[in-house]
Amino acid sequence: MNAQKLSKRLEKVASFVPQNAIVADIGSDHAYLPCYLVLNNLATSAIAGEVVKGPYESACHEVQQEGLQKQITVRLANGLQAIEQEDHVTAITIAGMGGPLIASILEKDVERLIGVERLILQPNIHAIAIREWAIRRNWKIVDEAILNEDDKIYEVIVLEPGEDSLTEEQLLLGPVLMRQQNEVFKEKWNREIQQWQHVLKAMEKAEQSVEIIEKAKELQHRIEMVKEVL
Ligand code: SAM
């Protein structure tokens, strides 16, 4: 992967960036995504935010190598602290982290989202944490995608400001993905069901504490809920 040729996962994230956006990519270890967006005239300018020094230096190096220092600013910063109001950022991408970490980055500096028109989030796991955060903070899901790359399944969630409400099923599975029900979606949830069934079996063999019984009930409920959707 490089700034000219993104992974399938980051290409999907890029496909949701509106034309002429001013983008902030948070957790931008090689700055491949912002470089790609500017090189392809999808974004007019970008900020690459990175909290760890090594990856930050890789991002600086990549931007220099592509000669994009005028259009892309690389900042060593924690989460949304990479963004200033004067940047007039219109779209934020956060990719390749767990859903709870992405949600916590957004929650920590939620006031910095004022004026942002679109969030494009790609959780590696627990996408539900992002959907729960979105509903709580008045962001609505305008699109979603699911893809398989190297046998790993990734989800992308696209949010815009607005109120929304989701059912328990939609929070877990994604309202758009649930409607589309493509092959990757079915694969993901069949894998999850199998894994949950393994856990349930192990629980049945364990000593039956109140906690185990409650957890098993919850898992059983989730398995039935997902089976009904598929
Ligand atoms: N976004 C890239 C991608 O999708 O390929 C990189 C993903 S990499 C697994 C996650 C990156 O996010 C790491 O470089 C990590 O240092 C950075 N990161 C984690 N927490 C962060 C935070 N709070 N603020 C900025 N960067 C963060």
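User: In this predicted model, which element gives the most to the lining of the second largest pocket?

Analyst: That element is β4, which contributes three residues. The model is a predicted one. The second largest pocket holds about 230 Å³ of space, and 15 residues line it, with R9, L10, G27, D29 and A95 closest to its centre. Two or more lining residues come from each of α1 (8-15), α2 (32-39) and β4 (91-97). Sorted by class, this lining has seven nonpolar, five polar and three charged residues.

User: Why are α4 and α5 called roughly parallel to each other?

Analyst: The axes of helix α4 (residues 99-108) and helix α5 (residues 128-136) cross at roughly 25°. Angles under 35 degrees count as roughly parallel, and α4 and α5 are therefore described in that way. Their axes come within 7 Å.

User: What makes the contact of α4 with α5, and how do its residues divide by class?

Analyst: From α4 the contact uses G99, P100, I102, A103, L106 and E107, and from α5 it uses A129, I130, W133 and R136. These residues divide into seven nonpolar, one polar and two charged. Gly counts as polar, so G99 of α4 is placed in the polar class.

User: Which residues lie nearest the centre of the largest pocket, and which element gives the largest share of its lining?

Analyst: Nearest the centre are I125, H126, K188, E192 and Q195, out of 19 lining residues. Helix α8 provides the largest share, seven residues. The elements giving two or more residues are α5, β7 (152-161) and α8 (183-205). The space in this pocket is about 490 Å³, and its lining has nine nonpolar, three polar and seven charged residues.

User: How do you know that the lining of the largest pocket draws on domain 1 and domain 2?

Analyst: Each of domain 1 (8-179) and domain 2 (186-229) supplies at least three residues to that lining. Among the residues nearest the pocket centre are I125 and K188; the numbering places I125 within the bounds of domain 1 and K188 within those of domain 2.

User: What makes a space a cavity rather than a pocket, and how many cavities of 30 Å³ or more are found?

Analyst: In a cavity a 1.4 Å probe fits but cannot get out, whereas a pocket is open. The search of the whole structure finds one cavity of 30 Å³ or more. The largest cavity has about 50 Å³ of space and is lined by P123, N124, I125, H126, A127, I153, Y154, E155 and K188. Strand β7 gives the largest share of that lining, three residues. By class there are five nonpolar, two polar and two charged residues.

Key: Residues numbered from 1 in each chain as written. Predicted model: local features only at pLDDT ≥ 70, side-chain atom pairs only at ≥ 80, totals over all residues. Heavy atoms only, no water. Axes fitted to C-alpha atoms, helices over the stretch in contact; angles between N-to-C directions. Helix = DSSP H or I, 4+ residues; strand = E, 2+ residues; numbered from the N terminus. Parallel < 35°, antiparallel > 145°, perpendicular 65-115°, else oblique. Contact = heavy atoms within 4.5 Å. 1 Å grid on protein atoms, 1.4 Å probe; cavity = no way out; pocket = protein on both sides within 12 Å on 5 of 7 lines; lining within 4 Å. Points joined across faces, edges and corners; volume = space filled by probe spheres on them. Domains from an automatic or database assignment.
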